[in-house]
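Today I wanted to look up the aromatic rings in this model. Here are my notes, in the order I took them.

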Amino acid sequence: MKKFTAILLSVLLLCSVLCGCSLIENITGNIINNSQKYEVGTNTADGWHSSWIGLQYKPSSSMVMATNEEIEEMMELGADVMFEENGKQMIDWAKVTTAYEMMATNVKNNSNVIVCAEKVAFSNMTITQYLDTVKSQLSSVYTSVTFSEPTSQDVGGIIFTRVDVKTTYMGVNINQTYMVTKMHDRMVSLIFTCTTPKSLDSMLAGFSAYTG
């Protein structure tokens, strides 16, 4: 039950943030044409890697990777992004507004990490503006939430903007860290939900530059 709760909390926070941006995109219809077409990474029980993002993740012995089927079920993909190829149902990831690349959970302390790539509505949107949207969405969902000042975080040679979030949900204290960077037409986010002080460092240690 604790493991399910930890995953649910992370997903709830993620959805509360991304719904606002997706709504703006649906209203305006202002989708960016990107010459650098987005390509989803490869996710397996042994880890995750993405040449498009330039990162890879190797889980420790205490981390369990969510399967592609579990991630796709969590995303609730619509028919507009599905197609059939050689008798197999496929996903056109370039059409997916918010793609969850991977999710891994620590079976010992229930901390978890999600990697997602969200298509932004406007090409001029900055990371600061995106994080302001994150803060606004979270503040509208939770009665008490605090945010750290943005700092820079190097992950696998890529510079992310980091914001730490503290809030409470159904009596449970939640510590999350958002690390965001802009790549072409998408905001790439690493979202960590931590239950112990050393959880973040442990999960971060699994990330490195993509080596092919």
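I began with Phe207, which comes out as buried at 7% relative accessibility (buried is under 20% relative accessible area, exposed over 50%, partly exposed in between, with a 1.4 Å probe and protein chains only). I kept in mind that this is a predicted model, where local features need pLDDT of at least 70, side-chain atom pairs count only at pLDDT 80 or more, and totals for chains, interfaces and linings use all residues. Residues are numbered from 1 along each chain as its sequence is written, and side-chain values use heavy atoms, leaving out hydrogens and water.

Next I asked which ring pairs with Phe207 in a tilted way. I found Tyr57, with ring centres 4.7 Å apart and planes at 50 degrees. Rings of Phe, Tyr and Trp (its six-membered ring) pair if their centres lie within 6.5 Å; planes under 30 degrees apart count as stacked, over 60 as edge-to-face and the rest as tilted.

Tyr57 is in strand S3 (residues 55-57) and Phe207 in strand S14, so this pair ties together parts 150 residues apart in sequence. Strands (E, at least two residues) are DSSP runs, numbered from the N terminus. Tyr57 is buried, as is Phe207.

I then counted 4 aromatic pairs. One of them, Trp48 with Phe207, is edge-to-face, at 6.4 Å centre to centre and 75 degrees between the planes. I noted Trp48 as buried too, with a relative accessible area of 1%.

Technical notes
Helices (H or I, at least four residues) and strands (E, at least two) are DSSP runs, numbered from the N terminus.
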